[in-house]
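I opened a notebook page for this structure. My entries follow in the order I looked things up.

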Amino acid sequence: TVFIMKKTLLLLVCLTTALSICYAQSFQKMLQTQMIMAEEGDTIHLEAGTHSISQTLSMDEKKSVVLKGAGEGKTILTFKKQEAGAEGIRITNSEHITMMDMTIQDAKGDCIKAMDVDGFVCKNVAVEWTGKPNKKNGAYGFYPVSCNNVLIDKCTAIGASDAGIYVGQSHNIIVRNSVAYHNVAGIEIENSTMADVHDCHAYENTGGILVFDLPDLPKKQ
């Protein structure tokens, strides 16, 4: 009887694991497909729960698209088992993209990277590397670069091995009501114009708020 119970328990564990893997693959495929197929004005809804993602989720050449979760800490995309790609979420060559109400964890590289986006908004979004601060964590939490009209509002960045909230070579930037801790740099603005950082809390970082104007870097005007 004990042998049968152990065997039954083992089968249940194996079945549960298999179902979990299938669900994760299904969610990832569905979300990436929605990001590829999104049309102007679409809102992509991410349901509550912790969703394991194994490769970079990307969006390119989109206009007026919203990625909306069920809430910070309620919709969690974990990249802890990421096998491919340098970022968690990568958005390029787009206009008016909004990410809101979600948490991104443990990306292999940067958690959220936006490049050449005009109108990039992150609101009520947390990015973090779980566990103790580690030099092997990804470099940047929020990483808009070569963008125009950036808004980071009510966001949280934890554990980046470089900067928690970074905006570089960009124009017309607002970072407000946000928190950054356990990063090397909490909030960093680099080679950018018209940047307004206010009502933020940066603590337990190596450096809290940094502003750089470095030579030999492209500067978005």
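I looked up Glu87 and found it buried, with a relative accessible area of 8%. My cut-offs are under 20% for buried, over 50% for exposed and partly exposed in between, with a 1.4 Å probe and protein chains only. Glu87 forms a salt bridge with Arg90, the closest N and O atoms being 3.3 Å apart. A salt bridge here needs a side-chain nitrogen of Lys or Arg within 4 Å of a carboxyl oxygen of Asp or Glu. Arg90 is partly exposed, at 26%.

I noted the ground rules. This is a predicted model, where local features need pLDDT of at least 70 and side-chain atom pairs pLDDT 80 or more, while totals for chains, interfaces and linings use all residues. Residues are numbered from 1 along each chain as its sequence is written, and side-chain values use heavy atoms, without hydrogens and water.

**Other salt bridges**

I counted four salt bridges in the structure. One of them joins Asp106 and Lys80 (3.8 Å, N to O). Asp106 sits in the loop between strands S6 and S7, and Lys80 in the loop between S5 and S6, so the pair ties together parts 26 residues apart in sequence. Strands are DSSP runs of E, at least two residues, and helices are runs of H or I, at least four, numbered from the N terminus. Asp106 is buried at 10%. Lys80 is exposed at 60%.

Arg176 and Asp153 also meet in a salt bridge (3.4 Å, N to O). Arg176 is in strand S12 and Asp153 in strand S9, 23 residues apart. Arg176 is partly exposed at 25%, and Asp153 is buried at 3%.

Glu128 belongs to strand S7. Its side chain does make a polar contact with that of Gln105 (2.9 Å). That term means N or O atoms within 3.5 Å, one able to donate a hydrogen and the other to accept it; residues adjacent in sequence count only if both atoms are side-chain atoms.

**The core**

I turned to the largest nonpolar core, which has 43 residues. Such a core is a set of buried Ala, Val, Leu, Ile, Met, Phe, Trp, Tyr and Cys residues joined through side-chain atoms within 4.5 Å. Leu77, Met99 and Phe142 touch the most other members. Strand S7 gives the largest share, eight residues.
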